[in-house]
Amino acid sequence: MKEVIQIEGGHKLSGNVRISGSKNATVALIPASILANGPVTICGVPNISDVESLAILLRELNVQVIQNSTDHLVIDTTEMRNKPLDHPAVTRLRASYYFMGALLGKYGEVKMKMPGGCYLGPRPIDLHLKGFEALGATVDYSQGYYTIKAKKLVGAKIFLDISSVGATINIMMAAVHAEGRTTIENAAKEPEIIDVATLLNKMGAQIRGAGTNVITIDGVDHLSGCFHEIIPDRIEAGTFIIMAAAAAEKMTIENIIPQHLESLLSKLSEMGVSMEVNVDRVTITGGCKLKAVDVKTLPYPGFATDLQQPLTALLTQAEGDSRIIETIYSERFKHCVELQRMGADIEVGPSNSLIHGPSKLFGERVTATDLRCGASLVIAGLLAEGITEIHEIYHIDRGYDDLDGKLNALGAKIRRVEIE
Ligand code: EPU
């Protein structure tokens, strides 16, 4: 038996939806918490399977994880011990690589399997490893395991060839206890990095410049427990905003930070989407005639690669040709094949796609090949005539908190079905 999502298309969405805490912040905040010598309480934790996988890894390390309400997690390291991480949960998500920086920072040693995650083309971690080496660690990879060790971590100046989110956060975590000052140049500027630096600083770390391209970390001896509330998920918010533009009469997306979504909101406005932006919410009025646009994905504050897949589904409804150029993950186009099966007219070339719109979409049996492909197919399913059946939905559950529940509350017709 396996579970699929069935969507009956054509139902208009209306009402309000509340956005959960950021997945990509959470998956870094949880490993970062182990650097504290006391309980860390994180609030706003999304109910997604990536969090379950990380909780498994924490328990492997003898860390106590208590969920004392739906979105509060208490992480207590009192009984923690360092041991090789080889549980299958390591390969279920990409973000398990944050245990490299966190364990190296805390114990000066980490041994773990290769992290997994969505296949979006090659996803090397060379910049993370070079960063650890610059701090004085040795890196060995054999028989599927990384062993990263340092007698002593010493602050260093590290220039990232690419402003990688993961490498920036991982180096920050490894450097919190290093002797002296670490400087990360060409650091990534994503809001999730600021959130992790905020948590670490509340614990007692000395990190400055997060959110700019130069971050400095002055090593400290001790970190203690604290309370932290996660920022709203800008990608979940963006996904619902695109859904609203695709299928809503009038819909309000609440608990957002609009500044985190500027590149999307300005693109949607260029497409002709009607919206009203307020301090922590945006209201979209549907039914506008949509114009084609060109999009180039870029590191923050540019257009997020994670939103190009959902946006593609909307662009199938826009008048004219839209081109998407993907500069972060060259092969992040698997959703296009699935959308084609539903009637979309899309050409895929190296690192780009060309969407000829508008096209009528029809319900089909499709596969969520990765997380944001899943979101893209849900949007297409809302627009399509008939029933869309999405397979491999564990990808969606990895990163969206109750996506179907939230959509049903807005008037969509979505259900989960067990099939042979
Ligand atoms: N890169 C390298 N070497 C490295 C690290 C990265 O060449 O050592 C390259 C990557 O291959 C990619 C680019 O640098 O071409 C940027 O990758 P980055 O390291 O910034 O990505 P990441 O940290 O692995 C995070 C999110 C992704 C999101 C990207 C880009 C998490 C857990 N993942 O990945 O989120 O697409 O940043 O913003 O935070 C998603 O949520 O669906 C997702 C894939």
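This is a predicted model: local features need pLDDT of at least 70, side-chain atom pairs count only at pLDDT 80 or more; totals for chains, interfaces and linings use all residues.
**Ground rules.** I number residues from 1 along each chain as its sequence is written, and side-chain values use heavy atoms, with hydrogens and water left out. Local features need pLDDT of at least 70 and side-chain atom pairs count only at pLDDT 80 or more, while totals for chains, interfaces and linings use all residues.

**Sheet.** I looked up the strands (DSSP runs of E, at least two residues; helices are H or I, at least four; both numbered from the N terminus). Four of them make an open, mixed sheet in the order 4-5-3-13; pairing takes at least two DSSP bridges between two strands. Strand 4 (64-69) and strand 13 (227-229) are the edges, each pairing on one side only. Strand 13 runs parallel to strand 3 (residues 40-43), with three bridges between them. I found Ile 42 bridged to His 228 in strand 13.

**Gln 308.** I found this residue in helix 9 (residues 305-315). Gln 308 counts as buried because its relative accessibility is 0%; the cut-offs are under 20% for buried, over 50% for exposed and partly exposed in between, with a 1.4 Å probe and protein chains only. Beyond neighbours within four places in sequence, its contacts include Phe 303, Glu 326 and Arg 332 (contact means heavy atoms within 4.5 Å).

**Cavity.** I searched a 1 Å grid over the protein atoms alone for points where a 1.4 Å probe fits but cannot get out; lining residues have an atom within 4 Å of a point. The largest cavity is about 70 Å³, the volume being the space filled by probe spheres set on points joined across faces, edges and corners. Helix 8 gives the most to its lining, with three residues.

How values were computed
On a 1 Å grid over the protein atoms alone, a cavity is a set of points where a 1.4 Å probe fits but cannot get out, and a pocket is an open set with protein on both sides within 12 Å along at least five of seven lines; lining residues have an atom within 4 Å of a point.
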